[in-house]
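Q: Could we go through the salt bridges and the cavities of this one together?
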Amino acid sequence: MNALITNARFHFHKRLFETNTLTLTKTNIASNADTSSKGSKAIAGKIIDILVDEHHHRVNKADKISGQTLGKQFELLTMEFLQETFPHLQNLRPGQWSILQLGNNNSLKTSDFEQYEHLAYLSALTAENAQLAASLGNDYLVAPDVVIYRSLYEDAEINAEQYIIDDKASRMADIRKSNGGKPLLHASVSAKYTMRSDRAQNSRTEALNLIRNRKGHLPHIVVVTAEPMPNRIASLALGTGDIDCVYHFALYELIRAVKEVGSEDAVETLERLVQGKRLKDISDLPLDLAV
């Protein structure tokens with residue numbers, strides 16, 4: 001019998017194939033491969049081979065789907081994986097958790113969370129004042145792909161097992177609902193199906209904006225990707241100070257694929273990322289978010 005996260009990982013891969021996010025073209029090129037890179041095509045193809053042979057997934061043939069569509073589907077499936085796993089870790093991280101894909105059409109924005117509430121005010125100011133907009137820019141209005149946030153607690157819930165708070169103190173604590181705050185952003189998850197070097201840096205910009213513009217507790221800031229090329233993953237994962245860690249949709253399979261069909265450089269880069277704890281598997285993410 002498999003554990004919950006092992007099952008969720010299997011289901012995540014199954015959904016990638018079922019939704020035609022992870023497919024092969026008629027010429028057997030994987031949908032997450034860079035068609036202009038021989039190495040990328042070889043590694044991505046080998047990952048699919050391993051998933052099909054070892055885990056008995058079925059891969060569909062499909063014409064080239066737009067990168068935007070693939071990106072949105074990958075965000076959605078990443079959100080579903082987190083919904084399937086993270087709320088079950090109540091013994092490690094109790095709380096009333098919500099996990100949502102934000103996207104541009106969602107009514108929920110970064111400024112709807114306690115740590116970033118002031119951004120809505122800034123946004124309104126810059127909308128009215130062109131000079132201010134020019135000097136400030138609007139980069140601080142980040143919309144993460146997927147968010148995890150926690151609801152606030154009623155006094156009765158906080159006092160359920162012991163008389164912890166009264167009206168004489170703790171009158172500005174964020175987690176206390178009676179103080180009138182907003183939900184607390186727990187994690188910002190950037191889902192990048194592939195990484196073309198310029199686009200990968202968006203995640204870094206988003207991370208730095210979340211770090212610089214917050215008031216209070218910094219949320220977890222992570223990236224989930226299906227990029228097959230270790231050097232492209234390294235362009236985002238290496239270095240510290242912005243992103244907590246990058247999580248690969250199939251790291252165990254990627255390690256095997258790179259050893260079998262990748263260059264020596266790719267093997268070395270991947271080892272450096274894994275040993276340096278800058279790249280982990282998607283199955284590590286729920287537990288890391290419980291910290």
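**Salt bridges and cavities**

A: Asp 242 and Arg 204 are both buried, where buried means under 20% relative accessible area, exposed over 50% and partly exposed in between, with a 1.4 Å probe and protein chains only. This is a predicted model, in which local features need pLDDT of at least 70 and side-chain atom pairs count only at pLDDT 80 or more, while totals for chains, interfaces and linings use all residues. Residues are numbered from 1 along each chain as its sequence is written, and side-chain values use heavy atoms, with hydrogens and water left out.

Q: What do the side chains of Asp 242 and Arg 204 form?
A: They meet in a salt bridge at 2.7 Å, N to O, a salt bridge being a side-chain nitrogen of Lys or Arg within 4 Å of a carboxyl oxygen of Asp or Glu. The pair links distant parts of the chain, 38 residues apart, with Asp 242 in the loop between helix 8 (230-237) and strand 5 (245-248) and Arg 204 in helix 7; helices (H or I, at least four residues) and strands (E, at least two) are DSSP runs numbered from the N terminus.

Q: How many salt bridges does the structure hold?
A: The structure holds 17. One of them joins Glu 80 and Arg 15, with the closest N and O atoms 3.5 Å apart.

Q: Where do Glu 80 and Arg 15 sit in the chain?
A: Glu 80 is in helix 3 and Arg 15 in helix 1, 65 residues apart. Glu 80 is partly exposed at 24% relative accessible area, and Arg 15 is partly exposed at 22%. Lys 14, Arg 15, Glu 18 and Glu 80 are linked in a network of salt bridges.

Q: OK, cavities now: how many of 30 Å³ or more are there?
A: There are two, a cavity being a set of points on a 1 Å grid over the protein atoms alone where a 1.4 Å probe fits but cannot get out, with lining residues having an atom within 4 Å of a point. Grid points are joined across faces, edges and corners, and a volume is the space filled by probe spheres set on the points.

Q: Which residues line the second largest cavity?
A: The lining is His 11, Phe 12, Arg 15, Leu 77, Glu 80, Phe 81 and Glu 84, around a volume of about 40 Å³. Helix 3 gives the largest share of that lining, four residues.

Q: And which element gives the most to the lining of the largest cavity?
A: Helix 7 does, with four residues, and the space in that cavity is about 50 Å³.

Conventions:
On a 1 Å grid over the protein atoms alone, a cavity is a set of points where a 1.4 Å probe fits but cannot get out, and a pocket is an open set with protein on both sides within 12 Å along at least five of seven lines; lining residues have an atom within 4 Å of a point.
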